[in-house]
Amino acid sequence: MTDDAVELPADLDLEAVREALLEWYEADHRPFPWRETDDPYAILVCEVMSQQTQLDRVVDAWEAFLERWPTTADLAAADRADVVGFWSGHRLGYNNRAKYLHEAASQVEAEYDGAFPREPDELQELMGVGPYTANAVASFAFNEGDAVVDTNVKRVCYRAFDVPDDDAAFERAATALMPDGRSRAWNNAIMELGGVACTQTPRCDEAGCPWREWCGAYASGDFTAPDVPTQPSFDGSRRQFRGRIVRTLREYDELELDVLGPRIRVDYNPQGEHGRAWLLELLADLETDGLVTLETRDGEPVARLRR
Ligand code: SF4
């Protein structure tokens with residue numbers, strides 16, 4: 001283990017965790033148009049717009065902006081008042097951001113001969129480009145970024161791997177999770193996880209979260225997070241029991257139904273309300289979600305975690 005990995009559980013199978021997330025992202029994700037480009041200018045415009053505007057609303061503005069000023073040369077040559085007018089017309093937040101964008105385009109033209117710098121440090125030299133935006137452009141345009149650490153990523157790391165609520169710890173954990181040389185795919189994937197699955201009210205099962213098997217919050221049923229100080233209001237009990245099943249099966253290779261039951265509920269009673277039928281229903285759900293396999297051996301149901 002490297003020093004960077006100290007924030008993650010010592011026995012975490014990093015390769016499996018990475019593969020699971022990348023596969024989940026590649027199988028299905030929100031088709032934002034900026035995910036289809038590696039043009040640093042287009043990505044910068046998107047990043048600046050999304051600082052104050054919901055992503056769904058950014059789509060139209062972003063497309064219109066690029067249609068009007070398709071390159072840094074076009075934007076640099078534009079009248080600043082027109083750029084600011086566009087910005088306020090599309091309700092994109094502080095007009096200063098439009099001015100900075102215009103200035104940044106002029107810098108790229110004048111200082112970099114129209115070719116964007118590639119490294120986060122250099123990108124930060126551009127007007128209005130802070131560390132987060134610089135890293136996003138380096139990742140999504142050049143695949144040369146560091147791990148993104150935003151609110152969504154912090155929430156995911158806190159819940160899944162019990163990373164303490166501390167910026168340096170989040171940074172180390174996010175860095176350790178990211179596979180080398182994969183910043184474009186990885187940062188998109190982990191941000192998508194925080195954006196559609198590990199939301200403030202989490203959608204672990206509905207979104208098919210690929211980290212349920214390892215997730216501390218899923219196992220314990222405690223879904224608080226740095227930006228979610230009290231338990232989110234959803235019917236967590238079923239999810240909590242599913243989490244307990246996953247955690248228990250992770251400890252034991254496999255368990256017969258009536259051996260598993262008492263480990264999930266102290267009041268487990270095979271023929272009672274919370275007995276075999278109740279447990280089999282939860283296990284069937286987990287099997288449908290691809291987390292558990294259930295087989296019958298000598299007439300007895302036996303559950304194990306799918307590997
Ligand atoms: S299992 Fe739920 S809480 Fe855990 S990382 Fe996935 S969505 Fe977040």
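**Close-up views of a predicted model**

**View 1. A hairpin made by S2 and S3.** Strands S2 and S3 make a hairpin that leaves two residues between them, and Asp298 in the turn has a positive phi of about 50°. What you have here is a predicted model, where local features need pLDDT of at least 70, side-chain atom pairs count only at pLDDT 80 or more, and totals for chains, interfaces and linings use all residues. Residue numbers start from 1 along each chain as its sequence is written. Strands (E, at least two residues) and helices (H or I, at least four) are DSSP runs, numbered from the N terminus. S2 covers residues 292–297 and S3 covers residues 300–305; the two pair in the antiparallel sense over six bridges. To count as paired, two strands need at least two bridges between them found by DSSP. Look for Arg297 opposite Glu300 in S3, and for Glu295 with its bridge partner Val302 in S3.

**View 2. S1 alongside S3.** Strand S1 (residues 254–256) is joined to S3 by three bridges, and the two run antiparallel. Here Glu256 stands opposite Val302 in S3.

**View 3. The two sides of helix H15.** Leu279, Leu283 and Leu286 are buried in H15. They cover an arc of only 55° around the axis, so they sit on the same side of H15; the arc is that of the directions from the helix axis to the C-beta atoms. Buried means that 20 or more other C-beta atoms lie within 10 Å of a residue's own, exposed means 12 or fewer, and partly exposed is in between, with C-beta atoms placed from the backbone. On the face turned away from the buried side of H15 you'll find the exposed residues Ala277, Glu281, Ala284 and Thr288. Just after H15 comes Gly290, with a positive phi of about 80°.

**View 4. Helix H2 and its surroundings.** Ten of the ten residues of H2 (residues 40–49) are buried, so H2 is largely enclosed by the rest of the structure. Its buried residues pack against helices H3 (55–68), H4 (72–77), H6 (95–111) and H8 (131–142).

**View 5. The largest nonpolar core.** This core has 67 residues, and Ile43, Val45, Trp62, Val137, Cys157, Ala173 and Ala174 touch the most other members. H2 gives the most to this core, eight residues. A nonpolar core is a set of buried Ala, Val, Leu, Ile, Met, Phe, Trp, Tyr and Cys residues joined through C-beta atoms within 7 Å. Zoom in on Ala174: leaving aside neighbours within four places in sequence, Ala174 is in contact with Ala147, Val149, Val153 and Cys157. Contact means that the C-beta atoms of two residues, placed from the backbone, lie within 7 Å.

**View 6. Helix H9 under cover.** Ten of the eleven residues of H9 (residues 151–161) are buried, so H9 too is largely enclosed by the rest of the structure. The cover over its buried residues includes helices H10 (167–177), H11 (183–197) and H12 (216–220). Just after H9, Asp162 takes a positive phi of about 55°.
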